[in-house]
Structure formats: structure tokens, C-alpha cells
Amino acid sequence: MKHEQPAPPLKFPAHIPFVEQLGFELHRMGQGEAELRVDLNEGHLNSWRVAHGGLLMTLLDVAMAHAARSIHADQPDFGPGVVTIEMKTSFMRPGEGQLRAVGRLLHRSTTMAFCEGSVYGAEDKLCAHATGTFKYLRALPGKGRALKTLNPPAEPG
């Protein structure tokens, strides 16, 4: 039986330095869903030597945000960005091995997205679950009257 190689990760629709630093990979994004993965390393661990809760929450946040944006696939760079308004997370078991997060868009309005996300660890067991509310924005207010827009992904090379 031939073993299939997993598809290479996709390019994130926006440059997010923090997400890049954590080593997250985008594996699927479309039709109200997104899937991210991360291979744990020493910098991701807590004092129990399992995934730090902050890493799990960030993984959930990013997966849900990308699920919210996925419905704008027909627009350049997946349309408007999103910012997290609120998020509630429950932890079920320690995160170990490669972590896989799946975000789903449950409902949206013109300006808001309501999502849920799950993180699966070793043996595809549920580690954490979250719900989140996101606001669609084209720009963020900056200092003075300046507006901050989304950063496009960096060009390879």
C-alpha cells in the first residue's frame, strides 16, 4: 500500500509575525472552515512539558479567525480582516505531539462572525474547544488619525 504525502501548507492570507514565530501552518481554508497544525517544540511547553494553554488558545483564535475570513475567498486577500471580540476556551486534556486545530464559522452578520474551534492532539483526541466572536474590519485605528491595514503575506525569496 502506497503511503501518501500530506499536502504542503497553504500561504496565510495575511502576514502575522506572531503566528509565524509559533510555527503554525495553514492546511485548509474555505467555505466557513479552516485547519491549522503545529509541531510542538520546547518553546511551546509549560512546566508540565505539554503544550502551554496560551499556545492552545492562540491556535484556536487563529483557526476561528481564518474560518471567519474563509467565506471571502472570492475577494483579494480574503477580504476584510477580523479582530477577536471575545473568546471562551475549555481544556479537556494535555496537548502533545502534532496539534491540529479546526475552526468553523457558525453564523455571521455584515460585521460580526460567531465561530467555534477544536484542537486535537496525539491520536486525534480533543484537547481544547473554544467559541469566539470576531468583528470584520478593513482597517484598525492607529495613533492620531492613522489607519492600520492588513499586512499582505511576504513575497518568497
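In which helix does His66 lie?

His66 lies in helix 2, which covers residues 53–69; helices (H or I, at least four residues) and strands (E, at least two) are DSSP runs, numbered from the N terminus. The model is predicted, so local features need pLDDT of at least 70 and side-chain atom pairs count only at pLDDT 80 or more, while totals for chains, interfaces and linings use all residues. Residues are numbered from 1 along each chain as its sequence is written, and side-chain values use heavy atoms, with hydrogens and water left out.

His66 counts as buried because its relative accessibility is 5%, where buried means under 20% relative accessible area, exposed over 50%, and partly exposed in between (1.4 Å probe, protein chains only). Apart from neighbours within four places in sequence, the residues in contact with His66 (heavy atoms within 4.5 Å) include Phe12, Ile16 and Met29.

## Ser118 in strand 5

Ser118 belongs to strand 5, residues 112–120, and with a relative accessibility of 4% this serine is also buried. Among the residues that Ser118 touches, not counting those up to four places away in sequence, are Leu60, Arg100 and His129.

## Salt bridges around Glu35

The whole structure holds 8 salt bridges, each being a side-chain nitrogen of Lys or Arg within 4 Å of a carboxyl oxygen of Asp or Glu. Glu35, which is buried at 8% relative accessible area, pairs in this way with Arg28, their closest N and O atoms being 3.3 Å apart, and Arg28 is partly exposed at 32%.

Glu35 also meets Arg37 at 2.9 Å, N to O, and Arg100 at 4.0 Å, N to O. Because Glu35 lies in strand 2 (residues 33–39) and Arg100 in strand 4 (residues 98–108), this last pair ties together parts that are 65 residues apart in sequence.
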